[in-house]
Amino acid sequence: MRAIVLAAGKGTRMKSERTKVLHELCGRAMLWYVVRALRGAGASDILVVTNDEVQARVAEFGVAGVLQGEQLGTGHAVRVALGALEPRAGAILVASGDMPLVTPELFGSVAAALDGNDSAPMALVTVRLPVTSSFGRIVRNGDAVERIVEVRDASPAQLAIDEMNAGIYAFDEAALREVVTRIGCDNAQREYYLTDAVGHFVRDGRCVRSVGAADSQEVL
């Protein structure tokens with residue numbers, strides 16, 4: 001299993017000169033905990049999408065890095081990462097470098113959710129949170145995940161949904177490579193959202209599986 005870690009954001013809301021994922025918790029950078037958990041889940045090949053500051057230090061974490069020169073959204077970041085990886089069959093996890101409390105078990109659960117009779121191309125972690133959260137909302141059609149709506153693009157009714165996207169994904173790698181070529185930037189932030197992959201898969205008639213996080217604090 002492979003993993004891509006999204007770690008190019010500056011974390012401007014923290015009002016800090018240091019990139020967010022390099023802030024330390026108990027003497028270790030946030031990114032260190034994410035890498036450790038991914039290894040614990042069985043990811044043997046980990047690539048970190050970086051900015052200049054993280055790229056200068058990525059070797060400290062025992063992983064490779066690829067620089068995202070322009071930060072054009074999560075979908076763009078994944079395209080940059082895939083461009084640096086030789087294609088191969090199997091699962092690929094996509095995680096955020098600023099989520100140090102995620103356990104190997106949760107990463108493993110979302111990867112395992114790809115296995116099934118329907119050959120799901122994608123699985124994701126959802127979480128129940130107070131509706132004031134800035135996490136994207138999970139829109140369902142019955143029990144099935146239909147799409148993810150980011151807060152800036154959500155209607156009042158969608159903002160009232162308390163099931164949210166935790167930003168942890170597993171993909172069949174071939175399906176991911178195909179779908180990222182179809183993701184556009186027709187949204188409020190003019191960014192390429194990886195979350196739009198859900199809608200594309202659903203319109204193709206494919207199943208997107210979900211795994212609920214039992215403890216909301218794990219994915220904050």
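In this predicted model, the side chains of D186 and R190 meet in a salt bridge with an N to O distance of 3.7 Å. D186 counts as exposed because its relative accessibility is 74%, and R190, with a relative accessible area of 51%, is likewise exposed. Salt bridges that share partners also join R2, D45, R88, E173 and R177 into one network, and a search of the whole structure finds 12 salt bridges.

R2 counts as buried at 5% relative accessibility, and E173 counts as buried at 1%. A further salt bridge, at 2.6 Å from N to O, links the side chains of R182 and D204, of which R182 is partly exposed at 30% relative accessibility and D204 partly exposed at 43%.

The largest nonpolar core has 39 residues, and those with the most contacts inside it are L31, L38 and I168. Helix α1 gives the most to this core, with five residues. Leaving out residues up to four places away in sequence, L38 touches A3, V5, A43, I46, L93, A95 and F107. Apart from this core lies another, of 31 residues, which includes L6, V66, V145 and I148.

T19, in the loop between β1 (2-7) and β2 (24-25), counts as buried at 1% relative accessibility, and the side chain of T19 makes a polar contact of 2.6 Å with the side chain of E53.

Technical notes
Residues numbered from 1 in each chain as written. Predicted model: local features only at pLDDT ≥ 70, side-chain atom pairs only at ≥ 80, totals over all residues. Heavy atoms only, no water. Helix = DSSP H or I, 4+ residues; strand = E, 2+ residues; numbered from the N terminus. Buried < 20%, exposed > 50% of the residue type's maximum accessible area, 1.4 Å probe, protein only. Polar contact = N/O pair within 3.5 Å; in protein donor to acceptor, adjacent residues only side chain to side chain. Core = buried A, V, L, I, M, F, W, Y, C linked by side-chain atoms within 4.5 Å. Contact = heavy atoms within 4.5 Å. Salt bridge = Lys/Arg side-chain N within 4 Å of Asp/Glu carboxyl O.
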